[in-house]
Amino acid sequence: MQTDPEDRLSHAETETRGGLPKLPLIAVALLILIGVLWFGLQEEEAAPEIVVETPAQVATPVEPVRPEPPPAPDIPAQSEPEPVLEPELAEPELEPVAEEPPLTLAESDPEVRAQLQSADATDLYQRALAEENLLERAAALVSGAQRGYLVDQALPLPAPDGRFSVTLIDDSVVAAPASYERYEPYVDLVESVDTGSLVRVFHSFRPLLEEAYEALGYNPEDFDNALIAALDLVLATPVLTEPQALERDVTTYHYVDETLENLPALQKQLMRMGPDNLERLQAVASQLREALLAPP
């Protein structure tokens with residue numbers, strides 16, 4: 001079983017306490033369209049021991065082999081509206097107007113921010129938009145998320161209040177409800193972003209997103225498929241309606257159920273946000289997927 005960095009153990013206390021996570025958040029923009037949905041949760045200081053155990057030997061973690069998912073569908077390109085033909089009239093000759101050079105990745109941040117500004121934006125939203133290289137960060141988030149990986153620091157935002165904590169139910173260690181409540185402000189943020197606006201921003205910056213994706217070593221034409229695959233992974237994450245037993249490894253907690261523990265890291269982090277938060281995120285992911293794949 002591969003250890004997860006979000007549950008490192010530090011010391012024993014009377015109360016169970018966990019570390020402060022770092023969250024690259026997908027939703028304040030085009031970025032939040034991508035980033036807020038896949039949290040890179042990394043505990044810097046983690047839950048204390050509940051039962052002190054000394055393992056005889058620690059095996060080298062092995063990443064389980066998973067079947068390749070089916071190809072994700074293409075996102076249709078937006079068609080340009082047909083021009084309205086007017087009767088030809090003689091016009092005086094005009095001085096040629098120089099065309100503006102096309103927008104580049106290096107110059108794109110101000111334009112992305114302009115399209116995503118909101119009068120009632122929260123501080124969290126503004127902090128996300130204040131980051132540099134927004135489209136490059138979005139491409140990095142998508143490239144990792146579609147494979148179930150966590151891309152730490154792709155979009156660093158403040159950690160949620162409180163710490164990861166566990167409790168005992170029928171002699172089993174499970175995540176405490178307080179751990180889930182920490183993520184509600186982030187989920188509120190995701191739900192506040194208009195899906196139609198995100199889709200329009202995606203199409204506005206699609207060529208630059210594909211360029212940023214290509215810079216990571218991928219086929220630029222596959223960026224839209226990677227985005228849909230990432231959303232599909234979010235939608236396929238199990239919603240745990242019952243508390244699931246956790247077991248302490250040398251430095252981490254992991255799921256006792258091997259089926260859950262062998263899921264991609266991204267899905268395990270989403271599950272640890274709690275069932276209610278996960279269902280709310282999945283509703284946003286479903287709406288976004290439908291809007292992106294809708295015919296132009």
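Welcome to the tour: nine salt bridges are found in this structure, which is a predicted model.

**First stop: helix 2.** Select residues 109-116 and show the side chains of Asp 109 and Arg 113. These two form a salt bridge, with the closest N and O atoms 4.0 Å apart. Because they sit four residues apart in helix 2, about one helical turn separates them. Asp 109 is buried, at a relative accessible area of 5%, and Arg 113 is buried too, at 18%.

**Next: Glu 131.** Pick Glu 131 together with Arg 137; they form a salt bridge whose closest N and O atoms are 3.2 Å apart. Glu 131 is buried, with a relative accessible area of 18%.

**Then: Arg 280 and Asp 188.** Their side chains meet in a salt bridge, 2.5 Å from N to O. This pair links distant parts of the chain, 92 residues apart: Arg 280 belongs to helix 12 and Asp 188 to helix 6 (residues 184-192). Arg 280 is partly exposed at 22% relative accessibility, and Asp 188 is partly exposed at 41%.

**Last stop: helix 12.** Colour the buried residues of helix 12, among them Leu 278, Leu 281, Ala 285, Leu 288 and Leu 292. Look down the helix axis: the buried residues fall within an arc of 165°, so they line one face of helix 12. Turn to the other side, where Asp 276 and Glu 290 are exposed.

Key: Residues are numbered from 1 along each chain as its sequence is written. This is a predicted model: local features need pLDDT of at least 70, side-chain atom pairs count only at pLDDT 80 or more; totals for chains, interfaces and linings use all residues. Side-chain values use heavy atoms; hydrogens and water are left out. Buried means under 20% relative accessible area, exposed over 50%, partly exposed in between (1.4 Å probe, protein chains only). Helices (H or I, at least four residues) and strands (E, at least two) are DSSP runs, numbered from the N terminus. The arc is that of the directions from the helix axis to the C-beta atoms.
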